[in-house]
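Dear colleague,

Please find the structure we discussed below. My notes on it follow.

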Number of protein chains: 2
Amino acid sequence: MNSPYNIVIYLYYRMTALDAIGPYEVFRCVPGAEVRFAAKHPGLIKTDSGLEMLNAEFGINDIDGADILLVPGGDAALQTKDQEVLQWIRRLHETTKWTTSVCVGSLILGAAGLLKGLQATTHWNTMEALQLFGAKPVNERFVQQGKIITAAGVSAGIDMALWLVALEWGEEMAQQIQLTIEYDPQPPFHTGSPDKATSTLIENARDFLIELYSPEARNS
Amino acid sequence: MNSPYNIVIYLYYRMTALDAIGPYEVFRCVPGAEVRFAAKHPGLIKTDSGLEMLNAEFGINDIDGADILLVPGGDAALQTKDQEVLQWIRRLHETTKWTTSVCVGSLILGAAGLLKGLQATTHWNTMEALQLFGAKPVNERFVQQGKIITAAGVSAGIDMALWLVALEWGEEMAQQIQLTIEYDPQPPFHTGSPDKATSTLIENARDFLIELYSPEARNS
């Protein structure tokens with residue numbers, strides 16, 4: 001048997017936990033796949049809720065390759081300016097089979113220079129920011145361009161990961177995993193996208209996000 | 001302002017990460033709500049993938065009350081026999097506003113004696129085991145009985161948490177959070193429930209689950 005299929009999920013300060021854990025739960029069900037969490041420094045990660053709740057067993061310097069690289073969203077601003085992180089992402093991307101993002105993780109891929117001239121998506125509230133990095137924003141649940149796949153906000157990573165499993169291991173594997181995690185979503189409302197929400201809901205969600213990712217919140 | 005609304009999520013060895021992190025991501029968006037992760041002993045938690053990826057900031061002995069208690073699923077067998085854990089769950093349940101579970105977390109609530117004579121749900125593959133604890137299995141995404149809510153497998157915790165937010169903080173808050181986490185699910189297949197899957201898929205998923213939660217896997 002070859003070495004395990006190598007999936008690396010990047011973790012960082014003030015990231016959004018579900019962006020990473022949704023796809024993780026899909027990928028970890030693939031027989032022979034190995035998921036590794038890597039951060040700039042190994043150890044506990046404080047997420048955007050302020051909780052030290054995730055753990056990176058690896059530092060990025062321990063990881064010199066990945067079949068799949070996944071970059072989650074959250075408070076991405078610091079990441080888009082961290083040359084060490086961007087350099088690491090570029091280096092891994094040279095030999096990945098798939099380079100993927102969830103939510104504003106696509107802005108980090110963009111800052112690394114990977115999205116120039118490509119279609120991409122992100123959280124609905126930051127769609128225009130993709131243009132700063134030369135990408136063309138697309139309002140889809142996820143967008144594939146060559147070996148790069150960007151997913152929409154937070155929960156979209158689950159859909160994207162299942163679809164990627166189908167590409168890599170076949171539809172039957174993806175369907176089996178969907179059944180294993182009983183992913184038969186029955187959201188109680190139909191307000192998961194701005195296309196379906198009232199303007200009041202959209203404004204309230206925007207205000208919440210602005211507060212959540214303000215520099216003041218970062219320092220609290 | 002009163003003390004924060006107090007949400008406690010129980011973590012344990014070989015649990016399923018998404019069972020906890022899905023509802024966490026919903027609850028953490030409620031202004032004034034505080035989520036705490038508690039395990040038998042504070043520190044890193046090795047989940048059912050073998051990764052030391054979650055962190056409990058609190059030990060159960062540090063936690064003497066909760067407005068919402070959530071018990072996730074995973075390899076629940078050891079938990080259903082751990083009298084210290086069951087006693088803690090019973091004690092918290094005396095004063096919770098809501099006692100909730102995801103996936104086979106309901107078997108732990110059952111072992112604590114909380115489900116006698118009640119309707120409840122769990123992962124589709126362990127539905128019958130609810131009867132061991134005097135509960136009546138119901139094939140629903142989530143089931144409310146008084147202040148107890150049990151959700152179906154893994155991803156069902158997201159739906160349940162949004163619905164509970166609507167009960168506690170109103171529909172507008174739940175809808176706003178659904179929009180914030182862009183929970184507009186678009187699963188690539190329609191195989192998330194055994195009602196929708198082929199018998200081959202069901203058998204393969206069962207085999208995977210048996211292997212995942214075998215005593216051998218526990219010791220690896």
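Which backbone nitrogen does the side chain of B:Asp19 reach? The side chain of B:Asp19 reaches that of B:Gly73, at 2.8 Å.

Please bear in mind that this is a predicted model, in which local features need pLDDT of at least 70, side-chain atom pairs count only at pLDDT 80 or more, and totals for chains, interfaces and linings use all residues. Residues are numbered from 1 along each chain as its sequence is written, chains are lettered from A and ligands numbered from 1 in the order in which they are written, and side-chain values use heavy atoms, with hydrogens and water left out.

B:Asp19

This residue belongs to helix α1 (residues 17-27) of chain B; helices are DSSP runs of H or I with at least four residues, strands are runs of E with at least two, and both are numbered from the N terminus. B:Asp19 is buried, that is, under 20% relative accessible area, where exposed is over 50% and partly exposed is in between (1.4 Å probe, protein chains only). B:Asp19 has no salt bridge (a side-chain nitrogen of Lys or Arg within 4 Å of a carboxyl oxygen of Asp or Glu). The nearest side chain of opposite charge, A:Arg28, is 9.1 Å away. Among the residues that B:Asp19 touches are B:Leu70, B:Pro72 and B:Val154 (heavy atoms within 4.5 Å).

Backbone angles

Most residues other than glycine have a negative phi. A:Arg14, however, has a positive phi of about 70°. A:Arg14 is found in the loop between β1 (5-10) and α1 (17-27) of chain A, and is buried, with a relative accessible area of 5%. A:Glu182 likewise has a positive phi, of about 45°. A:Glu182 sits in the loop between α5 (171-180) and α6 (199-212) of chain A and counts as buried at 6% relative accessibility.

Aromatic rings

Over all chains there are ten aromatic pairs (rings of Phe, Tyr and Trp, the last by its six-membered ring, with centres within 6.5 Å; planes under 30 degrees apart are stacked, over 60 edge-to-face and the rest tilted). In one of them, A:Tyr24 and A:Phe37 have ring centres 5.6 Å apart and planes at 40°, so the pair is tilted. A:Tyr24 lies in helix α1 and A:Phe37 in strand β2 (residues 33-39) of chain A, so the pair ties together parts that are 13 residues apart in sequence. Both A:Tyr24 and A:Phe37 are buried.

Yours sincerely

How values were computed
Lys and Arg count as positive and Asp and Glu as negative; His and the chain ends are not counted. A polar contact is a pair of N or O atoms within 3.5 Å; within protein, one must be able to donate a hydrogen and the other to accept it, and residues adjacent in sequence count only if both atoms are side-chain atoms. Lists of a residue's contacts leave out its neighbours within four places in sequence.
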